[in-house]
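Colleague: Could you take me through this model feature by feature, giving the general idea each time before the case at hand?

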Amino acid sequence: MTESVKEIIGELRPLRCELDILSRSDGSAVFAQGETVVIASVHGPVEVKLQNLQYDRSSVEVFYKSKTGQQSVGDRFREQYIRNTCESALLTAIYPRTAISLQLQEMEDRAGLIACAVNAACMSLLHSGLEMRFLVAAVHCALRPSGAILFDPDVRTMAEEGGTVAAFTFAFDSIDRRTVAVHTEGKYTAEQFNQAQNACREASAAIFDFYRSSFKKYMKVYC
């Protein structure tokens with residue numbers, strides 16, 4: 001018997017973003033979801049290393065640096081997740097035989113780090129002016145032992161009432177709200193996965209709206 005989700009608790013944490021924070025990049029952004037903060041910068045299209053050369057498209061490179069400064073297996077996974085997500089969004093065929101380099105610096109992790117990093121990367125790409133198929137918005141949620149879904153929780157909320165048994169991060173495109181990337185941890189049923197995905201998909205609309213409002217504010221101030 002599948003166990004259904006009993007309720008959805010919480011809402012998106014406050015979003016904050018500032019563009020053009022680094023002078024020596026082609027695009028940059030600091031993005032915060034609650035107390036989780038990531039800085040992202042873009043360089044490119046730039047000259048590509050021979051071993052990464054692709055004749056029909058640009059090579060997307062992602063470098064993730066944790067708050068401690070020491071590379072871990074988790075950091076390499078984040079690099080791969082962000083690279084796959086951004087590569088699907090970028091029109092890389094327009095920039096053959098080049099590289100697009102993304103650097104991400106973790107400033108604070110209070111849960112939902114991958115989602116925050118994806119959103120920071122998207123805003124830095126938007127600021128860079130690189131051609132994109134669509135924007136991407138990532139949303140994080142977790143599952144209680146009771147079956148309730150915690151929506152975009154921080155570490156304190158996740159530790160309350162028996163903790164959590166699973167966590168989900170979904171990334172969606174801005175056109176059809178199609179799922180372009182998924183990361184899961186823990187145990188859950190297919191029904192719980194689907195309900196978490198649908199709840200996060202609905203919430204992605206608020207993040208896309210935030211992107212638009214943030215970029216409009218930037219354009220009014222600096223352009």
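Colleague: Which residue is the bridge partner of V62 in β6?

Modeller: The general idea is that two strands pair if DSSP finds at least two bridges between them, and that strands (E, at least two residues) and helices (H or I, at least four) are DSSP runs numbered from the N terminus. Here the bridge partner of V62 in β6 is L102, within a parallel pairing of β5 and β6 (residues 99-108) that extends over seven bridges. Before going on, note that this is a predicted model, in which local features need pLDDT of at least 70 and side-chain atom pairs count only at pLDDT 80 or more, whereas totals for chains, interfaces and linings use all residues. Residues are numbered from 1 along each chain as its sequence is written, and side-chain values use heavy atoms, with hydrogens and water left out.

Colleague: What is the strand order of the open sheet, and with what pairing?

Modeller: The five strands of this open sheet follow the order β2-β3-β4-β6-β5, and the pairing is mixed. Its edge strands, each of which pairs on one side only, are β2 (15-19) and β5 (59-65). Neighbouring strands of the sheet are turned against each other by 15° on average, direction ignored; axes here are lines fitted to C-alpha atoms, for helices over the stretch in contact, and angles between N-to-C directions run from 0 to 180 degrees. The antiparallel part includes β3 with β4, over seven bridges, and β4 with β6, over eight bridges. Within these pairings, A32 has V37 of β4 as its bridge partner, and V46 has A99 of β6.

Colleague: Where do the helices α1 and α2 lie relative to the strands?

Modeller: Helix α1 (residues 73-89) lies across β5 and β6 and runs at about 145° to β5, while helix α2 (residues 113-128) lies across β2, β3, β4, β5 and β6, at about 150° to β3.

Colleague: What does the side chain of Q33 make a polar contact with?

Modeller: A polar contact is a pair of N or O atoms within 3.5 Å; within protein, one must be able to donate a hydrogen and the other to accept it, and residues adjacent in sequence count only if both atoms are side-chain atoms. Q33 lies in strand β3 and is buried, with a relative accessible area of 1%. The side chain of Q33 makes such a contact with the side chain of N119, at 2.7 Å. Contact in the wider sense means heavy atoms within 4.5 Å, and by that criterion Q33 touches, among others, R13, A115, C116 and D152, not counting residues up to four places away in sequence.

Colleague: Which residues have the most contacts inside the largest nonpolar core?

Modeller: In soluble globular proteins, nonpolar side chains tend to be buried together. A nonpolar core is a set of buried Ala, Val, Leu, Ile, Met, Phe, Trp, Tyr and Cys residues joined through side-chain atoms within 4.5 Å. The largest one has 58 residues, and those with the most contacts inside it are F31, I82, L104, L125, F168 and Y211. The largest share of this core, eleven residues, comes from α2.

Colleague: How many aromatic pairs does the structure hold?

Modeller: Rings of Phe, Tyr and Trp (its six-membered ring) pair if their centres lie within 6.5 Å, and planes under 30 degrees apart count as stacked, over 60 as edge-to-face and the rest as tilted. The structure holds eleven aromatic pairs. The rings of F170 and F172 have centres 6.1 Å apart and planes at 25°, so this pair is stacked, whereas the pair of F215 and Y218 is tilted, with 6.0 Å centre to centre and 35° between the planes.

Notes:
Buried means under 20% relative accessible area, exposed over 50%, partly exposed in between (1.4 Å probe, protein chains only).
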